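Good morning, everyone, and thank you for making the time. I would like to walk through one structure with you, slowly, and I will spell out the terms as they come up.

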Amino acid sequence: MKGNATHFIASFFLVGIPGLENFHFWIGIPVCLLFVLTLLGNSIIITTVKLEPSLHQPMYCFHCMLAMNDICLTCSAALKMLGIFWFDAHRIDFDACLTQMFFIHTLCIMESAILVAMAFDRFVAICIPLHYASILTTSMVIKTGLVGLSRAILMIMPCPLFIKTLLYYTKYVIHHAYCEHMAVVKVANANTYVSRIYGILVAFSVAVFDLMLIATSYIKILQAVFRLSSQRARSKALGTCAAHICTILAFYTPALFSFLTHRFGKNVPPSVHIIFAILYLLVSPTVNPLVYGVKTKQIRDRVLGLFFLRRF
């Protein structure tokens with residue numbers, strides 16, 4: 001290969017939402033609103049759990065992990081989106097793009113791992129409650145978080161490394177609002193087969209493996225719940241799972257739609273795919289603290305007590 005056949009680019013140009021460039025300013029308003037609500041809601045959850053000793057339990061520790069992960073995920077994506085939508089800051093350095101890609105996808109896999117851990121927490125609490133304290137110790141909760149984070153880092157690390165090997169580019173325009181892995185790979189003027197296959201395998205394996213673990217936990221939970229003789233006990237047990245189920249739906253539904261349309265939806269307009277990709281990153285982190293604030297009585301009561309009732 002001749003050295004001057006192609007050239008290595010220093011930066012990419014993020015289009016935003018193709019076809020809707022004239023509406024970028026208005027699209028930025030809900031993006032900013034979701035960003036602010038995510039920061040506010042998740043910060044309240046973390047502060048409430050930290051300040052209230054009665055919430056220093058494994059389930060609420062997982063809530064804090066989820067809240068911290070959501071804040072980091074939203075910051076990784078939303079700030080650049082707002083720069084594009086409001087300030088025409090479309091340029092992003094090559095290394096900065098790979099860094100954003102790494103953090104977004106790592107945090108998404110970490111989010112999935114936390115949801116699996118929360119499903120296991122509910123399984124232990126409902127199916128083997130007498131062993132709850134001995135199984136889900138503080139040490140176990142920390143180790144679970146570290147394992148989830150390690151898995152995410154190890155699975156995503158090859159993605160930017162593979163892209164780094166694609167040194168020669170002739171295109172630099174990414175038709176997306178952030179540096180999504182497949183969108184970055186598509187602009188490479190080289191054989192991207194390894195990067196594409198690896199990206200698909202990572203997304204597919206995480207979704208299938210984690211959803212199988214979550215489904216298994218809830219099958220066991222339902223079996224245990226329906227063996228209870230009291231209707232009140234059944235309702236209480238299922239009520240503790242309601243917030244988690246809402247969180248799972250809020251995270252996996254747009255994630256699966258975004259993944260499937262990007263890889264297989266050739267007739268889906270790019271703008272639709274990108275809008276769903278944005279919703280995937282921003283809606284779930286916004287909804288999670290609202291769901292836990294409304295559905296979890298302990299958190300709801302403590303939030304009201306800490307932030308509102310004390311004022312009167």
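This is a predicted model: local features need pLDDT of at least 70, side-chain atom pairs count only at pLDDT 80 or more; totals for chains, interfaces and linings use all residues.

Let me start with a pair of charged side chains: Asp95 and Lys164 meet in a salt bridge, with 2.7 Å from N to O, and by salt bridge I mean a side-chain nitrogen of Lys or Arg within 4 Å of a carboxyl oxygen of Asp or Glu. Residues are numbered from 1 along each chain as its sequence is written, and side-chain values use heavy atoms, with hydrogens and water left out.

Asp95 sits in helix 3 and Lys164 in helix 6, which covers residues 158-165, and the pair links distant parts of the chain, 69 residues apart. Helices here are DSSP runs of H or I with at least four residues, strands are runs of E with at least two, and both are numbered from the N terminus. Asp95 counts as partly exposed because its relative accessibility is 45%, and Lys164 is likewise partly exposed, at 38%; in these terms buried means under 20% relative accessible area, exposed means over 50%, and partly exposed is in between, with a 1.4 Å probe and protein chains only.

How many salt bridges does the structure hold? There are three. Another of them joins Arg122 and Asp121, at 2.8 Å from N to O, and here both Arg122 and Asp121 are buried. Arg151 and Asp210 also form a salt bridge, with their closest N and O atoms 2.9 Å apart. Since Arg151 lies in helix 5 (residues 138-156) and Asp210 in helix 8 (residues 193-226), this pair ties together parts that are 59 residues apart in sequence. Arg151 is partly exposed, at 22% relative accessibility, whereas Asp210 is buried, with a relative accessible area of 1%.

Let me turn to the cysteines. A search of the whole structure finds one disulfide, a term that stands for a pair of cysteine sulfur atoms within 2.5 Å. That disulfide joins Cys97 to Cys179, with 2.0 Å from S to S, and the link is left-handed, with -120° about the S-S bond. Cys97 lies in helix 3 and Cys179 in the loop between strand 3 (173-174) and helix 7 (181-186), so the pair ties together parts that are 82 residues apart in sequence. Cys97 is buried, at 0% relative accessible area, and Cys179 counts as buried at 0% as well.

Finally, helix 3 has a packing partner: helix 2 (residues 58-87) and helix 3 (residues 94-127) pack at an angle of about 160°, with their axes 9 Å apart. Axes are lines fitted to C-alpha atoms, for helices over the stretch in contact, and angles run from 0 to 180 degrees between N-to-C directions. Helix 2 and helix 3 are therefore roughly antiparallel, given that angles under 35 degrees count as roughly parallel, over 145 as roughly antiparallel, 65 to 115 as roughly perpendicular and the rest as oblique.
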